[in-house]
Amino acid sequence: MEWRSHLASLGAVFLALALGMVIGLGLGGDDAWIQRQQAALDRIEDELNASREAQHALLEREARLTQEAAGWRAFGAEVLPLLVKGRLEGRTVGVVTAPDHRAPAGLLEVLRLSGARVVSLPWGRPAAAPDPAARPAPGEDQSPQAAGRGSRGAAEVDALVVVAGTGFQGEGLTPTALLPATAPAAAFPLLALPDRFPDRELPLPDGWAAVGPLDHPVAAVAVVLGLAARRPGRYGWASEGPRLP
């Protein structure tokens, strides 16, 4: 870290000046020279003390922020289930993920807590019949009643969460480019952005909602509430703070 390099440099100068003072005293230097050396040593000592105080303040701030973050995580773990519980009860949510990407486990868990049945759908391609040997993704419906539904799963969804890939900018953002051909037209679509705010420059299709960035602590809750309200708009957190439609 920079403060460590700074301390090391100051310490080296301090030792050099101290050595110079000792040599000067041994050679019988004049009082003015000794006073200048002493003043330089006093300045260096003041800088060292200031650096130590700054380091101590940084360590205290880091410990405080770590404690606050742990408190917010604990708070979220207690409150999040209450915010989403039953919001999507009896509804089927299709999760569409970008190629070579996977839906965040936290998002799938929150959808499960909301009471939704979660099914995976392909990105912009016709839904294929499920592989009987494939293991369901975390959060997907694994009940016996869900088995055997096959390609009917896409037709049964009443809400869609499209999880875009990292760095998604929205070029060519159209429903046909993102959704499987079997997705029902009546399903409410929501675009989830992993690493950006859904700013107003994003060409969001009519009737869609957007939430981002997904790494925000309450983004998954916003996804559930957006699906429950079925209200189009842009929800997320920009660098200057939260924005709503």
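The paragraphs that follow take the salt bridges in turn and then turn to one further arginine.

This is a predicted model, in which local features need pLDDT of at least 70 and side-chain atom pairs count only at pLDDT 80 or more, while totals for chains, interfaces and linings use all residues. Residues are numbered from 1 along each chain as its sequence is written, and side-chain values use heavy atoms, with hydrogens and water left out.

If a salt bridge is taken as a side-chain nitrogen of Lys or Arg within 4 Å of a carboxyl oxygen of Asp or Glu, the count comes to three. One of them joins R91 and D158, at 3.6 Å from N to O. Because R91 lies in the loop between α2 (31-84) and β1 (92-97) and D158 in the loop between α4 (152-156) and β3 (159-163), this pair ties together parts 67 residues apart in sequence; helices (H or I, at least four residues) and strands (E, at least two) are DSSP runs, numbered from the N terminus. R91 is buried at 15% relative accessible area, whereas D158 is partly exposed at 25%, where buried means under 20%, exposed over 50% and partly exposed in between (1.4 Å probe, protein chains only).

R117 and E156 form another salt bridge, their closest N and O atoms being 3.6 Å apart, and this pair links distant parts of the chain, with R117 in strand β2 (residues 117-121) and E156 in helix α4, 39 residues apart. E109 and R112, by contrast, both lie in helix α3 (residues 105-113), three residues apart, and their closest N and O atoms are 2.4 Å apart.

Finally, R234 lies in strand β6 (residues 233-238) and counts as buried at 15% relative accessibility.
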